Amino acid sequence: KICSHTHTHTQPLHNLHYSTYRTSDLHMSSYYSENHHCEFLHPPEDQDLVCPICHDVLTNPHTTTCCKKLFCLHCLLRSNAQHPHCPLCRQTGFTVQPSENHSTAIQSMPAYCTMRGSGCNWTGPLRDLTRTHLQAQDGGCMFVPALCPDGCGQQMPRGELRAHREGRCPLRPFPCPHCQEVGTHQHITLPHLATCTMFPLTCPNGCGTMPRCQLEHHMAGCPLALIRCSFPGCTEVMHRRDEPVHNKENTQRHLDLLASAVRRVTRDLQEQEKNNHQTKLHQQQMELVHTRLTRLEQRMNDQVGPPIDFTVTDYQRHCCHGNWWCSPAFRTHFRGYSMYLAVQVKPVSRQMAGNVGRNIAMELRVNEDDLNEHLMWPQWCTVTVQMLNQLGERDHFTQTMRGEIKRPMEVPSSCCWAVECFIACSELGYDPHRHTQYLKEDCLKIRVGEVRLQDTNFMYDA
């Protein structure tokens, strides 16, 4: 057994701890005594170098102050833990001190390599074993266990490390043999080769090998690729390299196919021209129908249905001339009968002054319209007409007119019905008792209210 470090001071044995010396001060003893058995070439000539407790060469030799005997330090610690007295003289309270001379003598003893069992034949002083032979990377012991420095986790004798790194380690540096990219052997041989741009691939048509980066361009013009004749109508299949010979040998056949294609295209153009003419006629008809529908919808939108208000202006002028005032057209309902209201102030003789004897006459007239042919004729209709009170929303003068609607083209006049005296002109002015005034600022306001048809079960067919 050996020791590579000793204490240089004296201290009581009870102050020393066995576990401390086992892990720090006695690290060489721990390494060789526990993991590898160190053998000496010859037994020691000086019996003082043998421990009286373990009967082996001293490890970290210490001498006691009581009997001056040498012991292994860890043997003393183990013995003192069981019996607190000197193992030889039985004295208590003794102290120990390291022996430098005996440690030097042990370090000079010739010994075998601790890897002798694995095949190492080295012999030499113990100090050289611990300082050079086992620690040196180059020229040292080839049987010491070592981990692969490339990180693969494998452990082996130091002598096999070079061969492992050069031929077996999966993480050893390895260049791609095709593109010279450097990586680990594991990466280059597995995922890299599947995408290497310079990896040689064989043409599927069997014309040779080439780098992966050139295969796509090669396939676009591979002479052994099977292609169809590029002439329209020819169905021959050949190798690309044989296409010039095929075109030369089949010139007449290609011309016949071309003539047939020209005739077919001419026929298709004529048929297309005919179809285009018919399509143009259809488009013109559709445009005409669309125009009529647009005009019809515009008229229907312009003629708003009741209730609707009208304003008769220039009342005094109508009184003097007796002409008719006509309202804008309106419909009885959506897509219904088109009508308008005619209003006249009946003139009186010159001897009558003011509004005495005058009255307002009204007629409800029917317009000729494109929708008339889709409506039911004749039709009985009830219409509510009001002369509006311009001082408020109450006390409007109301009359209900009922008559038969006839189609204008079937009767000489478009008038449905007339009311000769709708309201007397004398009642149009301000009435303080009823708080009414129908004539204001030379204007009358008339409202066509509810319109009710006798027969509403008719179909509108546009």
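View 1. Leu255 has 46% relative accessibility, so Leu255 counts as partly exposed (buried is under 20% relative accessible area, exposed over 50%, partly exposed in between; 1.4 Å probe, protein chains only). Leu255 lies in helix α10, residues 251-302 (helices are DSSP runs of H or I, at least four residues; strands are runs of E, at least two; numbering starts at the N terminus). The model is predicted: local features need pLDDT of at least 70, side-chain atom pairs count only at pLDDT 80 or more, and totals for chains, interfaces and linings use all residues. Residues are numbered from 1 along each chain as its sequence is written, and side-chain values use heavy atoms, without hydrogens and water.

**View 2. Phe310 and Phe330.** The whole structure holds 4 aromatic pairs (ring centres of Phe, Tyr or Trp, its six-membered ring, within 6.5 Å; planes under 30 degrees apart are stacked, over 60 edge-to-face, the rest tilted). Phe310 and Phe330 have ring centres 6.0 Å apart and planes at 40 degrees, so this pair is tilted. Phe310 sits in strand β15 (residues 308-312) and Phe330 in strand β17 (residues 330-331), 20 residues apart. Both Phe310 and Phe330 are buried.

**View 3. Phe397 and Phe422.** This aromatic pair is edge-to-face, with 5.6 Å between centres and 75 degrees between planes. Phe397 belongs to strand β21 (residues 397-405), Phe422 to strand β22 (residues 415-424). Phe397 is partly exposed at 21% relative accessibility; Phe422 is buried at 1%.

**View 4. Arginines over rings.** Arg116 lies over the face of Tyr112, 3.8 Å from the ring centre (NZ of Lys or CZ of Arg within 6 Å of the ring centre and within 35 degrees of the ring normal). The charged end of Arg365 sits over the Trp324 ring, 5.0 Å from its centre.
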